[in-house]
Amino acid sequence: SDGPIACQVESVLMEPFFGEYSPAEVRKFSREDKVRGNRIVTQSSTAFIHELSSLGRVHIKLMLKADEFFEKISSMPSDAWLEDTKNPLLIVVKRTSI
């Protein structure tokens, strides 16, 4: 089918888009200065999505052992697991440009 796939993204892939801010600093801003934290996250996420939208290969791994993965998706309606943003079953671990 054609549609979105929900995935978690390995933090090492996101870090370059946050520039001078470490993950700990971004979490701190989210707690102490929500406006600044949201601005940093929005700008960085937009840049990441823009980069990801260019042609390339994305390496994705299962977040569960294979048997656990198939057991979990067998109990879900059709392709519902592909769009479950609260509990993604896949993680993007690497991206290479073509």
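## Arg-95 and its surroundings

The side chain of Arg-95 comes within 3.3 Å of the backbone oxygen of Glu-51. Keep in mind that this is a predicted model, where local features need pLDDT of at least 70, side-chain atom pairs count only at pLDDT 80 or more, and totals for chains, interfaces and linings use all residues. Residues are numbered from 1 along each chain as its sequence is written, and side-chain values use heavy atoms, with hydrogens and water left out.

- Side chains of opposite charge can pair when their charged atoms come close.
- How many salt bridges does a search of the whole structure find? The search finds 1, where a salt bridge is a side-chain nitrogen of Lys or Arg within 4 Å of a carboxyl oxygen of Asp or Glu.
- Arg-95 forms a salt bridge with Glu-51, and their closest N and O atoms are 3.9 Å apart.
- Arg-95 sits in strand E3 and Glu-51 in helix H3, so this pair ties together parts that are 44 residues apart in sequence. Helices (H or I, at least four residues) and strands (E, at least two) are DSSP runs, numbered from the N terminus.
- Arg-95 is buried at 18% relative accessibility, whereas Glu-51 is partly exposed at 35%. Buried means under 20% relative accessible area, exposed over 50%, and partly exposed in between (1.4 Å probe, protein chains only).
- The side chains of Arg-95 and Ser-97 are joined by a polar contact of 3.5 Å. A polar contact is a pair of N or O atoms within 3.5 Å; within protein, one must be able to donate a hydrogen and the other to accept it, and residues adjacent in sequence count only if both atoms are side-chain atoms.

**The sheet**

- In what order do the 3 strands stand in the open sheet? The order is E1-E3-E2, with mixed pairing. Two strands pair if DSSP finds at least two bridges between them.
- Strands E1 (8–9) and E2 (56–62) stand at the edges with a single partner strand each, so one side of each has no neighbour in the sheet.
- E1 and E3 are paired in the parallel sense over 2 bridges, and Gln-8 has Ile-91 in E3 as its bridge partner.

**Aromatic rings**

- The whole structure holds 4 aromatic pairs. Rings of Phe, Tyr and Trp (its six-membered ring) pair if their centres lie within 6.5 Å; planes under 30 degrees apart count as stacked, over 60 as edge-to-face and the rest as tilted.
- Why is the pair of Phe-69 and Phe-70 edge-to-face? Their ring centres are 5.1 Å apart and the planes stand at 75°, so the pair is edge-to-face.
- Phe-69 is buried at 6% relative accessibility, while Phe-70 is exposed at 51%.
- Phe-69 also forms an edge-to-face pair with Trp-81, at 5.1 Å centre to centre and 90° between the planes.
- Phe-69 lies in helix H4 (residues 66–74) and Trp-81 in the loop between H4 and strand E3 (90–97), so their pair links parts that are 12 residues apart in sequence.
- Together, Phe-69, Phe-70 and Trp-81 form one aromatic cluster.

**A surface patch**

- Leu-52, Val-58 and Ile-60 make a nonpolar surface patch of about 220 Å². Patches are made of residues with over 30% relative accessible area and no salt bridge: like charges are joined within 9 Å, nonpolar side chains (Val, Leu, Ile, Met, Phe, Trp, Tyr) within 5 Å.
- Leu-52 belongs to helix H3 (residues 34–52) and is partly exposed at 34% relative accessibility.

Methods:
Areas by Shrake-Rupley, 256 points an atom, 1.4 Å probe, with all protein chains shown as cover.
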